[in-house]
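Colleague: Please show me the protein, so that a student may follow its architecture step by step.

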Amino acid sequence: MTLDVFTPAHRIASQVREGEVTARAVTEAFLARIAALDSAINAFTDVTAERALAQASAIDAARAAGAPLGPLAGVPFAAKNLFDIAGLPTRAGSKINRERKPAARDAVLVERLTAAGAVLLGGLNMGEYAYDFTGENAHDGPCRNPHDPARMAGGSSSGSGAATAAGFSPLSLGSDTNGSIRVPSSLCGVFGLKPTYGRLPRTRSFPFCDSLDHLGPFARDVTDLATAYDALQGPDAHDPACAQRPVEPVLPSLQAGVGELRIAVAGGHFATEGMPEAAAAVARVAQALGATQHVALEGAAIARAAAFLITNSESATFHLDRLRKRADDFDPETRDRFLAGAMLPAAWYVQAQRARRWFHDEMMRVFADVDLIIAPATPCPAPLVGQKTLELRGETVPLRPNLGLFTQPISAIGLPVAAVPVFGAGLPIGVQIIAAPWREDLCLRAAFMLQRDGVCEARAPVLG
């Protein structure tokens with residue numbers, strides 16, 4: 001059979017298990033597409049073709065021997081290059097890190113997807129040290145949007161969003177500190193999941209800001225997103241921030257609908273700061289989910305400021321030795337943000353943590369009355385590569401920080417969010433579906449219904 005690279009991952013796995021296609025044929029098809037088209041997108045920094053073909057052949061041999069295959073058998077995936085990949089230096093988007101010794105072992109989340117039968121295709125482009133919302137890497141070049149290569153893919157998980165959208169990989173892994181899963185999902189028009197802080201282990205991934213870092217999956221299909229998420233779950237003692245919670249599968253309830261859920265639309269900051277496209281996408285999702293209630297979330301701007309300060313301070317402390325010894329090897333824009341963080345007064349950091357706790361408590365009061373909150377993911381569709389400013393509220397504002405306008409307040413308190421893509425007449429833009437801690441299942445139930453009803457979908461771009 002001829003493989004369509006936009007076939008959902010769960011169907012690919014079913015076809016491999018049933019013997020309708022071999023895992024090797026699937027892998028070869030995706031490697032060929034990457035080789036033919038990625039030069040226009042620049043999603044991959046490392047293609048692990050030899051490893052991928054060996055993994056695929058092992059899956060085919062296991063099937064021939066009658067061994068059971070995992071839920072992602074033969075499904076290709078790729079990982080943002082801050083995840084350790086055995087045999088490669090963990091770049092984290094930087095010039096400095098590529099001098100590191102090759103990783104001896106995969107990151108835990110890479111291991112878990114591999115154990116579920118998924119086949120690793122390689123490492124993906126990203127913003128330097130994850131301190132980025134645009135996907136414009138100074139060392140590896142900008143990652144471009146598959147729906148319009150003149151435009152940004154979004155960051156910092158730029159390659160993850162772009163590779164998934166372009167049909168280079170049905171699944172990918174990214175990280176989200178201030179919005180780095182949700183921003184690329186929004187700009188590239190795919191589904192993304194930022195789980196609750198502490199839900200998934202970060203073991204053997206390169207850190208950015210310890211008290212805000214999350215890891216999570218991207219997919220073109222909600223069933224695929226849920227399947228990957230279930231495979232990724234579970235405690236890990238090597239990440240002290242990882243909650244020691246058992247696996248709580250979301251697939252069994254994915255089709256349960258939202259009939260009994262109380263769903264509200266975020267007002268205040270979320271309703272007034274974006275472009276008309278963002279408001280229209282939220283309105284479309286709200287109508288489909290029957291959300292008529294609005295919640296003000298007045299503390300969102302304060303929480304965003306707190307996230308800025310915490311990120312700035314913690315990340316600068318982590319990179320201080322590199323800043324002292326290798327300052328010229330940073331992207332100047334990244335370096336300047338780290339240097340600013342290194343000079344922040346300790347009192348500001350303490351006050352930011354207090355504001356963070358206050359907003360968390362305010363949001364928990366909101367979640368006593370609602371189950372899900374709908375908000376825009378980005379204030380605009382994908383800007384042009386190289387664009388520096390954005391027109392918002394009649395003002396010209398810096399582009400880079402304002403791409404995280406709506407994601408940072410939610411990151412500050414670690415809530416689970418599914419990003420869902422909405423296509424209008426032109427470029428996609430994303431909507432956040434936000435739940436209380438540990439209720440990823442509710443986010444994904446709503447996302448599944450939106451996809452089933454044709455409100456949200458990942459569309460195939462025209463490439464080549």
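Modeller: The questions and answers below concern a predicted model.

Colleague: In which element is confidence highest, and in which is it lowest?

Modeller: The protein averages a pLDDT of 97, and 100% of the residues score at least 70. Strand β2 has the highest confidence, at 99. The lowest mean, 93, belongs to helix α8, residues 269-272.

Colleague: Which strands stand at the edges of the sheet?

Modeller: The open sheet consists of 11 strands with mixed pairing, in the order β1-β3-β2-β8-β10-β9-β16-β17-β13-β11-β12. A strand with a single partner has one side left without a neighbour in the sheet, so the edges are held by β1 (44-47) and β12 (293-295).

Colleague: Is strand β2 mostly covered or uncovered?

Modeller: Strand β2 spans residues 76-80. It pairs in the parallel sense with β3 over four bridges, and three bridges join it to β8, also parallel.

Colleague: What is the handedness of the crossover from β2 to β3?

Modeller: In β3, Leu120 is the bridge partner of Phe77. Between β2 and β3 the chain passes through helix α4, residues 108-115. This β-α-β crossover is right-handed.

Colleague: Which strands does helix α5 lie across?

Modeller: Helix α5 covers residues 158-165. It runs at about 155 degrees to β8, the strand in which Leu173 stands opposite Ala79. The strands that helix α5 lies across are β1, β2, β3, β8 and β10.

Methods
Residues are numbered from 1 along each chain as its sequence is written. This is a predicted model: local features need pLDDT of at least 70, side-chain atom pairs count only at pLDDT 80 or more; totals for chains, interfaces and linings use all residues. Side-chain values use heavy atoms; hydrogens and water are left out. Buried means under 20% relative accessible area, exposed over 50%, partly exposed in between (1.4 Å probe, protein chains only). Helices (H or I, at least four residues) and strands (E, at least two) are DSSP runs, numbered from the N terminus. Two strands pair if DSSP finds at least two bridges between them. A crossover is right-handed if, with the strands pointing away from the viewer, the path from the first strand over the helix to the second runs clockwise. pLDDT is the predictor's confidence in each residue, from 0 to 100. Contact means heavy atoms within 4.5 Å. Axes are lines fitted to C-alpha atoms, for helices over the stretch in contact, and angles run from 0 to 180 degrees between N-to-C directions.
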